[in-house]
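Reader: I've got a model on my screen and I'd like to learn how to read it. Could you walk me through a few features?

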Amino acid sequence: MSPELPDPRHVEEMLLGGELRYTRRDAVRLSGVTREFSGRVWRAFGYPSMPDDAVAYTEGDVAALGRIRALIDDGVLDEDSAIRLVRAFGQTMARLAEWQVNLLVAMIGDRPDDAPTPESVDRILRIAEEYITDFEPLVLHAWRRQLAAASTRGIAVAEARGGEGGPLRPQVAIGFADMVSFTQMSREVDEIELARVVEWFEETASDIIASCGGRLVKTLGDEVLFSAETPRVGAEIALTIAAEIMDETEIPDVRVGVAYGPVLALMGDVFGTTVNLAARLTSLARPGTVVVDEELARRLAASDELSLTRIVRRPVRGLGIVQPYVLRRSPPPEKPADVS
């Protein structure tokens with residue numbers, strides 16, 4: 001006889017590391033926050049609204065509210081900043097948790113789309129219970145690493161501005177890499193194969209961006225958005241992604257558009273005219289090629305390792321007339337003829 005599925009409450013308490021013992025009223029009273037603020041915090045974390053008398057909170061939940069209140073009392077954050085910070089944690093962790101569970105289900109099941117059996121659920125929970133204390137420090141380590149990288153970028157921007165105030169608008173290379181004919185492909189292959197293609201594309205692009213020293217801003221299924229602090233790094237990322245994916249016969253080619261200029265960095269994303277221009281340049285590129293804007297072309301012109309070909313000026317919606325350039329690697333120099 002197959003084992004029964006576990007009690008959801010038991011699973012929740014096991015993963016939360018504590019007993020569900022408090023109501024919302026209890027959590028508000030013990031943490032010292034207002035009922036209204038606790039509701040804002042739970043919604044920002046992405047937790048569902050619970051009745052005031054539902055026993056749904058642990059010691060950890062009360063402690064989290066207390067820590068947030070302490071940060072506000074100490075003047076580190078105001079209430080609105082605290083809510084934005086909590087929302088960043090909540091949205092990031094929600095995606096991470098879904099990704100991890102799906103990964104475990106796919107690893108244990110026969111097919112990625114198979115519903116987990118009681119046996120596989122039991123195995124996943126045993127892995128989680130035994131190794132969650134090993135997984136937790138990895139999350140903290142990754143966060144500290146990314147925090148250090150983001151702080152270093154911020155310092156570099158401040159140095160470039162010479163200590164001047166104003167909005168944070170660093171000059172960066174912004175690139176979009178877009179899979180060609182993805183919509184058509186989605187009609188021709190099943191969902192599992194399509195998911196495999198998207199996963200491979202995202203993994204390949206992410207690895208290239210990281211190894212070259214850029215930052216993956218976000219993925220959009222058939223498209224990735226990246227940034228780089230220097231024109232040369234932005235060009236290297238774009239050319240490497242285009243070439244790497246062109247070599248994979250089962251994956252559609254990509255077209256890449258890159259622009260250089262100021263951006264507004266906000267909530268982990270980037271906004272502004274430079275981002276819009278990079279997106280428009282992507283639509284001008286042919287499969288397997290990289291198209292850059294005039295400013296990036298100007299900054300790359302002195303490189304002997306790169307070649308730039310000016311193409312026809314184009315009207316771009318919302319941006320006027322732009323001068324695009326096709327970016328390629330320069331061919332290797334010819335070896336002198338052997339006259340001996």
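Reader: Let's start with a strand residue: which residue in β11 does V291 stand opposite?

Author: V291 stands opposite V326. Before we go on, this is a predicted model, where local features need pLDDT of at least 70, side-chain atom pairs count only at pLDDT 80 or more, and totals for chains, interfaces and linings use all residues. Residues are numbered from 1 along each chain as its sequence is written, and side-chain values use heavy atoms, with hydrogens and water left out.

Reader: How do I read the pairing of β7 and β11?

Author: Strands of a sheet pair through backbone hydrogen bonds, either parallel or antiparallel. Here β7 and β11 run antiparallel, joined by three bridges; two strands count as paired if DSSP finds at least two bridges between them. The names come from DSSP runs numbered from the N terminus: helices are H or I with at least four residues, strands E with at least two. On β7 (residues 290-292) there is also β4 (residues 254-262), running parallel to it over three bridges, with V256 opposite V290. β8 and β11 are antiparallel over five bridges, and L306 has R329 as its bridge partner in β11.

Reader: What order do the seven strands take in the open sheet?

Author: The order is β2-β3-β1-β4-β7-β11-β8, with mixed pairing. β2 (215-219) and β8 (306-310) each have a single partner strand, so one side of each has no neighbour in the sheet.

Reader: Now helices. At what angle do α3 and α4 pack?

Author: Two packed helices are described by the angle between their axes and the distance between the axes. For α3 (residues 35-45) and α4 (residues 59-73), that's about 110° and 11 Å. Axes are lines fitted to C-alpha atoms, for helices over the stretch in contact, and angles run from 0 to 180 degrees between N-to-C directions. The pair is therefore roughly perpendicular, a label for 65 to 115 degrees. In contact (heavy atoms within 4.5 Å), F37, S38, V41, W42 and F45 of α3 meet D61, L65, I68 and I72 of α4.

Reader: And pockets: which elements give two or more residues to the lining of the second largest pocket?

Author: Rolling a probe the size of a water molecule over the atoms shows where empty space is left. For this pocket, the elements are α9 (231-246) and β11 (325-329). A pocket, on a 1 Å grid over the protein atoms alone, is an open set of points where a 1.4 Å probe fits, with protein on both sides within 12 Å along at least five of seven lines; lining residues have an atom within 4 Å of a point. Among the lining residues are M246, T289, V326 and R329.

Definitions and conventions
Parallel < 35°, antiparallel > 145°, perpendicular 65-115°, else oblique.
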